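Trainee: Could we go through this structure together? I'd like to know where the descriptions come from.

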Amino acid sequence: MPHTDTQTGTMMPAPPCIMVIFGAAGDLAKRKLFPALYYLSIAKRLPENFAVLGVSREDFSSEAYRELMNKESRAHLDGDYSAEIWDQLVKCCHYLQGDFRDPEAYQRLAQKLGELDNECKTPGNYLFYMATPPAFFGDIAEQIVKVGLAKETDSHWRRLVIEKPFGHDLQSARALNKKLLEIFKERQLYRIDHYLGKETVQNFLSFRFANGVIEPIWNRSYIDHVQITVAEPMGVENRASYYEGAGALRDMIPNHLLAVLAMIAMEPPISFEADEIRDEQAKVLRAIQPFTPEDVLTHTVRGQYAAGVLADGTSVPAYRQEAGVAEDSKTETFVAMSLMIDSWRWAGVPFYLRTGKRMPGRFTEIVIQYKHAPNTAFKNSLMKGKQVEPNVMVLRIQPSEGISLGINAKVPGQTMQLSPVEMDFSYDDYFGNEPSTGYETLIYDCMKGDPTLFKRADIIETAWQLVEPILDVWNALPPRDFPNYAAGEWGPSAADELLQRDGRRWRVCTGGCTPKKT
């Protein structure tokens, strides 16, 4: 959450520190982390006394690593470019070659950090960022502890940032949590989900709880259902080795979509302290009705894309034809499901989730559909069988962050004829379009020691507990109809049927947002 000077209300720079990036030569560091640090520097959020220490197996000198960042990371910067600020950031970069499982590498790491503390005037504050495959998470954490780099005092802090996926299933998530909590304190662990760095997601709390016209009708008495959609036009790209073992369910549901659901459905916290907010999110996840094996068959849908044509006319191959994918792969690239939350606020309100690759466009949105208004006053002005259109609120997370509300208005003329119209709020229009990777707020919060937007151990495990029965059934009953949707389509027909059985339909975005026609 924001950190401000209580006297002036202005944002304060983070405290002096060194950010250690394990996997510093990988795509995440080059495409996301360094651009995020640059944007933080532009915004004057980075400390004056700051350094980055990259650790990876590649054999670079610090100078060669700076040249790599200049060549490959700078290309991912958006907005007005400041050569001075970028050059200053790159000068703060240092590099240490080492194998993540080699104890001697951590001895050299401890020595190098001591040298940088003296050189950069950083008082022993270290932020360890694991931008590595998850197989290394536990090993890196153990080695950090063994060389004494996890120990905190009153004068300095040590924090560990862990990227997703956090575990492969419930058992592995519990094992990783157990391992980490045996050697670190929970307050030192920052399990990151970059979706929670999106401006719209952060705005959920103020939008709901700071507006008297929103919160009183944010419940089962007024809301018919909720949809959460994450659509991606790209395929598996160069991640086949990971994706074949994960699939859309593991990759997206326990992490991104359930995190967004918890923000949408949580009760008002008694304060905006981190654990008060996370307590309410944990309650939401625990209140979701667990899936029985029969529920998995009737309330979940999986799909895999075939060859097809994207919205821009590009022909793309089927998932099974992608490099590194098995010819008979049973891995799902699309997931849809319906959930029910057993709470007073949400009893009887279905939450529909879907995510997929090779969809018609890239967008993430939350749709709040309100119940129909009574038609009595308009019975003589509506066509037979028609109803007044329900109000729909759309919270757009990407690509154009904002909020829209669909209402009904009278068409000008002598007769009473209604037409849906849209009231739209765009962040760009009101606050300007500041370039962002989604990691800026999260990195800044790590440096400031604010865990509000990060996941606690119990939240991680509860999310996996919900997904576990789905994994069990899908593993026991391999799909017989893969591939079952063409690239460039909105997933398999079974996903439409999932809502049609309830008398509902998905809302679909293609450029502008319009309800899907039936």
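Trainee: What percentage of the residues of the chain count as buried?

Mentor: Keep in mind that this is a predicted model. Of the 518 residues, 52% count as buried. To get that label, a residue needs under 20% relative accessible area.

Trainee: What makes the chain agree with a compact globule?

Mentor: The radius of gyration. A compact globule with 518 residues would have a value near 24 Å, and the chain has 24 Å, so the two agree. Along its principal axes, the C-alpha trace spans about 80 × 60 × 45 Å.

Trainee: Why are the spaces inside called cavities?

Mentor: Because a 1.4 Å probe fits there but cannot get out. A search of the whole structure finds five of them at 30 Å³ or more.

Trainee: Which residues lie nearest the centre of the largest cavity?

Mentor: Leu-196, Ala-259, Gln-281, Lys-455 and Ile-459, out of 15 lining residues. Helix α8 gives the most to that lining, with six residues.

Trainee: How do you know what class of residue lines the largest cavity?

Mentor: You sort the lining by class: 11 nonpolar, three polar and one charged.

Key
Residues numbered from 1 in each chain as written. Predicted model: local features only at pLDDT ≥ 70, side-chain atom pairs only at ≥ 80, totals over all residues. Heavy atoms only, no water. 1 Å grid on protein atoms, 1.4 Å probe; cavity = no way out; pocket = protein on both sides within 12 Å on 5 of 7 lines; lining within 4 Å. Points joined across faces, edges and corners; volume = space filled by probe spheres on them. Helix = DSSP H or I, 4+ residues; strand = E, 2+ residues; numbered from the N terminus. Nonpolar A, V, L, I, M, F, W, Y, C, P; charged D, E, K, R; others polar. Rg over C-alpha atoms; globule rule 2.2 N^0.38 Å. Buried < 20%, exposed > 50% of the residue type's maximum accessible area, 1.4 Å probe, protein only.
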